[in-house]
Amino acid sequence: LANAGAPHFPFPYKPYPIQEQFMQALYGALEHGKVGIFESPTGTGKSLSLICGALSWLRDHEEKRRQEADRLLQGDGGTSLSISSSLSTTTSSTPPSSSAEPDWITDFVQKKAERDFVSKLKVDEELRRKKREEHLEMIRNNSQLKSALKRKVEHNILIPSREEEELNNPEEELIVAEYEMFQFDNIMTTLPQLDRFCGGDDEDDLVEEHVTKIYYCSRTHSQLAQFIHEVQKSPFSPDISLVPLGSRQNMCVNEEVRRLGSVQRINDRCMEMQKNKHDQRPKEVEGGKRKRGVSKAVCPYVGAQGLQTLRDAVLGAVRDIEQLLSLARETRSCPYYATRLAIPPAQLVVLPYQTVLHEGTRRASGVQLKGQVLIIDEAHNLSDVLSCIHSSELTGAQLCRAHSQLAQYSERYRSRLKAKNLMYIKQILFVVEGLVRVLGGKCKVGQNPHMTFPSLCLPATELLTINNFLFKAQIDNINLFKVTTTTTRSQPQPTNRRTEGLNRYLQTLQKSPSGQQGAAEDRELAASPMMQVEGFFMALTNTNTDGRVVLQTQGSVAVSSMKFLLLNPAVHFSQVLKDCRAVIFAGGTMQPVSDFKQELLFSAGVEAERIIEFSCGHVIPPENILPIVLCSGPSGQELEFTFQNRDTPRMMEETGRVLSNLCNVVPGGVVCFFPSYDYSRRILEHWEASGVLARLSSKKKIFQEPKKANQVEKVLNEFSRTIQRCAVDGGTLSGALLFSVVGGKMSEGINFSDDLGRCIVMVGMPYPNIKSPELKEKMAYLDKNLPHSGGRSPGQALIENLCMKAVNQSIGRAIRHREDYACIVLCDRRYSRPATLAKLPDWIRAHTHTHTSFGPAFAGLRRVIHTHTCNG
């Protein structure tokens, strides 16, 4: 560092000690190129710690590079360059064999020439860096001047100010014009080349390298927006160049396209409109008269000047996606493409982690990870996300439709297709026929794609390796890499206007001949079936040991399906770990991390020395949290919700008595998590029949997690209003009771802070369904490929870890800030096992009390509630 001491972390307020520790650990991980696992509970300022720690490192890293370049420039840079030039001329003109000098002199001269050449490259890089910084500073100044002008106009200030005069200065306009001189006619060929820089005179100046940057990714767009708001509040906001990335569905401002709703339809329509714009062909002449061509819709938001203007605005100030969309509508420019043009000079890129985790999406978005820093927030379920992204499912109906459409295309344009293209189409048809045969059906050219195909197979599930599946489908002699490349290339290629190409023709076959489609069928037809087929082809190119194919036959081909299951997510994550300078996994609850390291890091070739772990406590005082492991209920009934005894009447009655006692003393909101939707339904039905629900509703208003996702916000709002109303009215009701499900809609991403979650109750342990064929195969794969440790097989450890990850996410819904307090009641004696307790987050495990009887547990809980109620 410049001061040879501890790094300085600018912070909007005096940081907590754990925040300083977090930033120091993060700084060290980035400086030494580590793979870090960082756990910081919600409410401890994790986002600000990530921002200030990472951007402080980036600031110091750029400063050290700047100082190194200055030393080169102030030294014998010019002499070195001239010597290097003369040496290169001499060595190129003199054959090695004609040199009479000793070997050590030749080696010395060669090494010196190499050193001088490296110095020249560093000098050139410094010149580019200075030019880029001056350019970004000009963008920021223009953005500030335009904002000031807009504010003055809105307040009807008509007297021109100094800023307005500078804005209208011809010299300033010339600079802007020079920056905007880069015009491109074909957006489809220009956008993949995202390393183009706008503002140079020489050809070399047109190439802009990606500056050292930090890629921050999280799970949802709302979490990304929250992160950007934290950046805006940080001391780095005025100087950082931040680019938010998103999907077309979230960033499109063309209302005609947005109304399509479906992600695939929006993508297809956008690509079609870009193709229409750049597929301008001369009108045909027949008999001396010009024929009017077919009118094709183009997107008015994709123009070179507008994209460059919006790109400048993106780099000039920190904006979230909503603010960017508002600006894009004002300037009538496309934020989806403008943000991708802004990636190379950006210092901080914020994007959903699906964009980073999929190689094809990374490449299409212009994301380059080589030598960069990657921060993955909410990384607790990263392994599942990787497996889901690279898995693929295909129904029999989709296969039959794809075969029918492709066969019709081949038949109609047989005379116009080249022999090579016709051969590839026949190969695709052959593979599709093989897949249909596996499901028990047959394909014939021209058959109705909406028919069901009877099968003699009874409903069954079969799990196969990739090779065995290819043998069964009789397509093991086909090069699927070549077939996949063919289907990929055939879609975006421009074609003759008369034929309209394969992709366009297939779209014309999407509608039902009768014009009558159900809602479910309409959703299935939202995307071309060829895209699903292509995705499945790509999945089958994985290594035989890394995946399995699950066949589910349901009596007819139309409702049968085949699914590719990825067993080794590390195979698609290893390149990310190799390319990045440092990778940081952050989350509120990362425990347990043992399977995380084994599945994603060690399996990807990461050495243990490169991995660091950091886990900090909570900022709340110890008396603000009371985790309890409850081994028995009020009547002495032992609480162990195994599959054999959790449905017994005595266990359900005892659970009801536990909740009744808790609701008698806990104010505000109580959130009760059940292990599954099925068990939630059964126990609530029993309580309703036995009168338990009536007793509970006399103290708390009852709410249940809705079945539809669009109803979650409504239920939460009513839950919150009820608690607020009860606190003010002081009637018979003391608050509300919410029944939810582990892994459901309210177990992640929902904040039950303050009175919304004074007590979190976990009923039983949410173990996954071990009878699932997918989970069985995953366990078998881990047992075979990972080392055994602690007396438990990797498959058994997976079951335990999946359970405790879900528990940690659910109980983490409470305690959201420094002044908050809550009780956590784990109703199952199995939580008291040392191995299970070790998988709780450190800040919870350190304060957990195990009670074999209900009396002492209830007394401790009542004491904590009474203390905070009186103090409040």
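This report covers a pocket and a sheet in a predicted model.

## The second largest pocket

The second largest pocket has a volume of about 1,000 Å³. Its lining counts 32 residues. Closest to the pocket centre are Asn381, Asp384, Pro768, Leu775 and Leu802.

## Make-up of the lining

By class, the lining of the second largest pocket holds 14 nonpolar residues, 10 polar and eight charged. Two domains take part: domain 1 (390-492 + 528-567) and domain 2 (625-869) each supply at least three lining residues.

## The seven-stranded sheet

Seven strands form an open sheet with parallel pairing. Their order is S16-S17-S15-S18-S19-S14-S20. Which strands stand at the edges? Strand S16 (700-704) and strand S20 (849-851) do. Each has a single partner strand, so one side of each is left without a neighbour in the sheet.

On average, neighbouring strands of this sheet are turned by 20° against each other, direction ignored.

## Strand S14 beside S20

Edge strand S20 pairs with strand S14 (residues 625-630) in the parallel sense, over three bridges. Here Leu630 stands opposite His851 in S20.

## A helix on the sheet

Helix H30 (residues 712-729) packs on the sheet. The helix touches strand S15 (668-674), S16 and strand S17 (735-741). The direction of H30 makes about 155° with that of S17. One of the touched strands, S16, stands at an edge of the sheet.

Terms used: Residues are numbered from 1 along each chain as its sequence is written. This is a predicted model: local features need pLDDT of at least 70, side-chain atom pairs count only at pLDDT 80 or more; totals for chains, interfaces and linings use all residues. Side-chain values use heavy atoms; hydrogens and water are left out. On a 1 Å grid over the protein atoms alone, a cavity is a set of points where a 1.4 Å probe fits but cannot get out, and a pocket is an open set with protein on both sides within 12 Å along at least five of seven lines; lining residues have an atom within 4 Å of a point. Grid points are joined across faces, edges and corners, and a volume is the space filled by probe spheres set on the points. Ala, Val, Leu, Ile, Met, Phe, Trp, Tyr, Cys and Pro count as nonpolar, Asp, Glu, Lys and Arg as charged, and the others, Gly among them, as polar. Domain bounds come from an automatic or database domain assignment. Two strands pair if DSSP finds at least two bridges between them. Helices (H or I, at least four residues) and strands (E, at least two) are DSSP runs, numbered from the N terminus. Axes are lines fitted to C-alpha atoms, for helices over the stretch in contact, and angles run from 0 to 180 degrees between N-to-C directions. Contact means heavy atoms within 4.5 Å.
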